[in-house]
Each structure stands twice: as C-alpha cells, then as structure tokens.
Amino acid sequence: MSIPVIECIKRCTANPAFLDRFYELFTSNPAVREKFSKTDFDRQKYLLGHMLVMLIKHAYGLRGADERLTEVARRHGTGDLNIPRYMYNDWIDCLVRAVRETEPNLPDEVMGDLRRVMEAEVATFISRAENPTNAPAT
Ligand code: HEM
C-alpha cells in the first residue's frame, strides 16, 4: 500500500470525467448494464467516488469505514442486487483502465499497487456481500 495510490484515487474521484469513463467502460457489458437499468447515475457516481476513497483508506488501515462498507457490500449480495463474482473482475479491470486513461503518466509501480489494493479490497467486499457476519466488530 502506498501514499501515491491514495493520492491518485483522491484526484481521480474528484474528476467527473473519471467516474463517467469508469461507468462507460463497466456498462459496455449488457449484463452489467441491465443491473443498472433503474439507476440514477448522478447519485451513483457520487456514492462510488466516496466509496473508492473509503476503500483505499480501509486498505491503509483506517477502520472507521467498516460499517458503511459492510452495508454497501450487503446490498450487492444474493438477497438484493445479486452481483455475480465475474462482474467484480470486470469492475477492477474497468477501474484500473479508467485510472490509466485519466492519469497516463502514473508510474507502472503505482498502477500495480492500485490493482493489488483493489483486488484485496474487493475480496473483502465479496466476502461481506455473501456473508455479512464476516464484518469485524469495529
Ligand atoms: C467492490 C466493488 C464495488 C463497490 C465499492 C461498489 C459500490 C457501490 C455503491 C457505493 C453503491 C451505492 C449504494 C447505495 O445506494 O447506498 C452501489 C450500488 C450498486 N452497485 Fe456497486 N459496487 C461495487 C461492485 C459492483 C459490481 C461488480 C456491480 C455489478 C454490476 C455493482 C452494481 C451495483 C448496482 C446495480 C447498484 C445499485 C444502483 C441503484 O441504486 O440503482 N456494483 N455500489
């Protein structure tokens, strides 16, 4: 985990073009687009921007974000949005690609850190989506 990754995500999420591009890439898969058929995208982009910063801070050891992460993860589970695992891989790929396009000069090392952090955080998110009792007490 590195400070440049946190700074990169803060810059990207403050840039509306980044979130536009992420959802453009992500919803280019019709099965994913279908999941968002009733979504207000202005709201969605705003919430995702916040959540990405939260994920990064969580990865950096700031546990204050846990409760909200569990709540959002639970919405994605089988009882509600029912998001299949493979879509999370797409999600990571689209996110990394949108960052790469937004910040083409970012060093490869930072891009590599970003992917690793996101893979670890998404694994935690999925385990909470599928079994909310995996959430820690803090
Ligand atoms: C770790 C990865 C993900 C994060 C951090 C994330 C984050 C979020 C957040 C913050 C919300 C808004 C929750 C609210 O309304 O309070 C949301 C909703 C949603 N997410 Fe995700 N998400 C992730 C992965 C995915 C994936 C892989 C899909 C697959 C299609 C997906 C589909 C949706 C849908 C359909 C909604 C509901 C939109 C609506 O309210 O209409 N998410 N997500």
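A residue is called buried here if 20 or more other C-beta atoms lie within 10 Å of its own, exposed if 12 or fewer do, and partly exposed in between, with C-beta atoms placed from the backbone. The model is predicted, so local features need pLDDT of at least 70 and side-chain atom pairs count only at pLDDT 80 or more, while totals for chains, interfaces and linings use all residues. Residues are numbered from 1 along each chain as its sequence is written. Helices (H or I, at least four residues) and strands (E, at least two) are DSSP runs, numbered from the N terminus.

Helix α1 covers residues 3-13, and Val-5, Cys-8, Ile-9, Cys-12 and Thr-13 are buried in it. Viewed down the axis of α1, these buried residues fall within an arc of 120 degrees, so they line one face of the helix; the arc is that of the directions from the helix axis to the C-beta atoms. The face turned away from the buried side of α1 carries the exposed residues Ile-3 and Glu-7. On the buried side, the residues of α1 pack against α2 (16-26), α4, α6 and α7.

Val-5 gives a closer look at this helix. This residue of α1 counts as buried because it has 24 C-beta neighbours inside 10 Å. Apart from neighbours within four places in sequence, Val-5 is in contact with Ile-56, Val-110, Asp-113, Leu-114 and Val-117, where contact means that the C-beta atoms of two residues, placed from the backbone, lie within 7 Å. The C-alpha atoms of Val-5 and Met-111 are separated by 7.8 Å, although the two residues are 106 residues apart along the chain.

Helix α2 can be read in a similar way. Its buried residues are Phe-18, Leu-19, Phe-22 and Phe-26. They cover an arc of only 95 degrees around the axis, which puts them on the same side of α2. Pro-16, Ala-17 and Glu-24 are exposed on the face of α2 turned away from its buried side. The cover over the buried residues of α2 includes α1, α3, α4 and α6.

How do the helices meet? Two packed helices are described by the angle between their axes and the distance between the axes. Axes are lines fitted to C-alpha atoms, for helices over the stretch in contact, and angles run from 0 to 180 degrees between N-to-C directions. Angles under 35 degrees count as roughly parallel, over 145 as roughly antiparallel, 65 to 115 as roughly perpendicular and the rest as oblique.

The axes of α1 and α4 are 9 Å apart and the helices pack at an angle of about 175 degrees. The two helices are therefore roughly antiparallel to each other. Val-5, Ile-6, Ile-9, Lys-10 and Thr-13 of α1 make this contact with Gly-49, Leu-52, Val-53 and Ile-56 of α4. By class, the contact of α1 with α4 has six nonpolar, two polar and one charged residues; Ala, Val, Leu, Ile, Met, Phe, Trp, Tyr, Cys and Pro count as nonpolar, Asp, Glu, Lys and Arg as charged, and the others, Gly among them, as polar.

Helix α4 also meets α7, and here the axes come within 10 Å and cross at roughly 95 degrees. That angle makes α4 roughly perpendicular to α7. Leu-55, Ile-56, His-58 and Ala-59 of α4 and Val-117, Ala-120 and Glu-121 of α7 form the contact. Its residues divide into five nonpolar, one polar and one charged.

Two further residues of α4 can be picked out. Leu-55, in helix α4, is buried, with 22 other C-beta atoms within 10 Å. His-50, also placed in helix α4, is partly exposed, with 14 other C-beta atoms within 10 Å. His-50 and Thr-13 are 37 residues apart in sequence and 7.7 Å apart in space, C-alpha to C-alpha.

Finally, there is the ligand. It is surrounded by 20 residues, the closest being Lys-35, Thr-39, Met-51, Met-87 and Trp-91; a residue is near a molecule or strand if its C-beta atom, placed from the backbone, lies within 6 Å of it. Two or more residues of this shell come from each of α3 (30-35), α4 (41-59), α5 (66-75), α6 (85-102) and α7 (108-130). The largest share, five residues, is given by α4. By class, the shell around the ligand holds 14 nonpolar, three polar and three charged residues.
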